[in-house]
Amino acid sequence: TAGRIACVEIGFGWSVIASARIFISNVATGAEGAIFYSLKSKLSSVREFKGKRIGLTDILSPSFYASNQALETHGINLFKDAAQVVLYGNDYEAQIKGVLSDQLDVGIIESTIMQQRFPDLFPQLQFHALLPNASYESVAYPFPTSTLLTPHYSVAASPAVPWEIKREVSRALRNLDANLPEAKAGSFFSFSSAASHFDVRAWMEHANVFREKGGRCFSPLDDLKPVVSCPAGYEADAERLRFGCEHKKLPCPQGRQCFCSPCLQITNHSDSPSEIALGITSTVVVLNIAAFVAWTLGCIISAVCRDQARLLSSKAMFAIGAR
């Protein structure tokens with residue numbers, strides 16, 4: 001997928017040599033979008049996604065980042081506003097069943113998968129925030145989509161592969177006959193020149209997906225905290241990320257990865273011991289200064305102070321006379 005291609009581009013320096021156009025419902029396309037869906041009549045708009053249970057694919061899927069970006073245009077952040085997000089990976093049937101059985105309020109799935117595998121369910125579903133006139137490489141996108149489009153499938157080569165071999169493989173793929181049994185078996189229509197994965201890389205880099213770990217392209221599936229993208233004024237809270245669903249009594253389906261509103265609002269005060277000590281010290285200093293000023297003012301207007309002033313003045317005059 002585009003997400004994994006972007007991963008090996010950054011993690012290993014691989015380069016895309018050709019991108020596929022495939023048949024989906026007898027329509028050829030080289031693009032992929034994601035679609036927001038719910039049971040018909042359950043939700044009327046994307047604004048109602050706040051506080052809802054949402055099913056997605058996985059963190060390395062471009063549909064995850066494209067969906068979060070699209071939802072943010074409607075004022076919704078998956079990490080802050082969803083009651084629960086359940087990651088189903090490539091188990092699309094389980095996600096669909098979750099929506100149909102009311103275990104999920106919203107599902108987000110690749111539009112081509114929805115079109116290819118679940119067209120019979122369209123009468124039961126309602127699609128949300130569909131983009132009008134979506135296109136990819138100046139070609140109209142043939143399926144409904146709620147997000148921007150990304151490349152579908154691509155072929156990438158290691159930097160160790162000689163340039164001449166990359167060129168010949170790319171040429172052979174671009175000359176592929178769609179009528180060959182092998183092409184039909186893979187639903188491939190044709191291959192084109194390498195598609196750009198710039199947008200996918202930008203989304204994933206912004207989300208901190210790419211980090212060095214033993215020289216490999218790092219997958220965040222075991223550690224979600226670094227990829228939690230909170231809006232301004234919020235930060236990822238490790239406690240909420242780990243136990244948030246348990247505290248909300250929203251159990252995570254067995255074998256799935258879940259998170260429940262791990263973004264915590266940032267407060268201006270700090271309870272760290274060093275800052276508490278600094279505050280106490282500052283308070284003591286201020287109180288001492290105030291006491292000194294009060295004593296000085298009291299002294300100025302008191303008779304005792306005037307007597308002391310006369311005594312000091314006499315001593316000064318005596319000292320001058322002595323000299």
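Which residues line the largest cavity? In this predicted model, the lining consists of Glu-32, Gly-33, Ala-34, Pro-62, Ser-63, Ala-66, Thr-147, Leu-148 and Thr-150.

**Cavity**

- The count of cavities of 30 Å³ or more comes to 1.
- The volume of the largest cavity is about 30 Å³.
- Helix α2, which spans residues 62–72, gives the most to the lining, with 3 residues.
- Sorted by class, the lining has 4 nonpolar, 4 polar and 1 charged residues.

**Disulfide Cys-230 to Cys-263**

- The sulfur atoms of Cys-230 and Cys-263 are 2.1 Å apart and form a disulfide.

**Disulfide Cys-245 to Cys-260**

- Cys-245 and Cys-260 are joined by a disulfide with an S to S distance of 2.0 Å.
- Cys-245 lies in helix α9 (residues 238–247) and Cys-260 in the loop between β17 (257–259) and β18, so the bond ties together parts that are 15 residues apart in sequence.
- The torsion about the S-S bond of Cys-245 and Cys-260 is about 100°, which means that the disulfide is right-handed.
- Cys-245 is buried at a relative accessible area of 11%, and Cys-260 is buried at 1%.

**Disulfide Cys-252 to Cys-258**

- A disulfide connects Cys-252 and Cys-258, with the sulfur atoms 2.0 Å apart.
- The torsion about the S-S bond of Cys-252 and Cys-258 is about 80°, so this disulfide is right-handed.
- Cys-252 is partly exposed, with a relative accessibility of 32%, whereas Cys-258 is buried, with a relative accessible area of 12%.
- Cys-252 does not count as buried because its 32% is not under the 20% cut-off, and the value does not reach the exposed class because that class requires over 50%.

Terms used
Residues numbered from 1 in each chain as written. Predicted model: local features only at pLDDT ≥ 70, side-chain atom pairs only at ≥ 80, totals over all residues. Heavy atoms only, no water. Disulfide = S-S within 2.5 Å. Helix = DSSP H or I, 4+ residues; strand = E, 2+ residues; numbered from the N terminus. Buried < 20%, exposed > 50% of the residue type's maximum accessible area, 1.4 Å probe, protein only. 1 Å grid on protein atoms, 1.4 Å probe; cavity = no way out; pocket = protein on both sides within 12 Å on 5 of 7 lines; lining within 4 Å. Points joined across faces, edges and corners; volume = space filled by probe spheres on them. Nonpolar A, V, L, I, M, F, W, Y, C, P; charged D, E, K, R; others polar.
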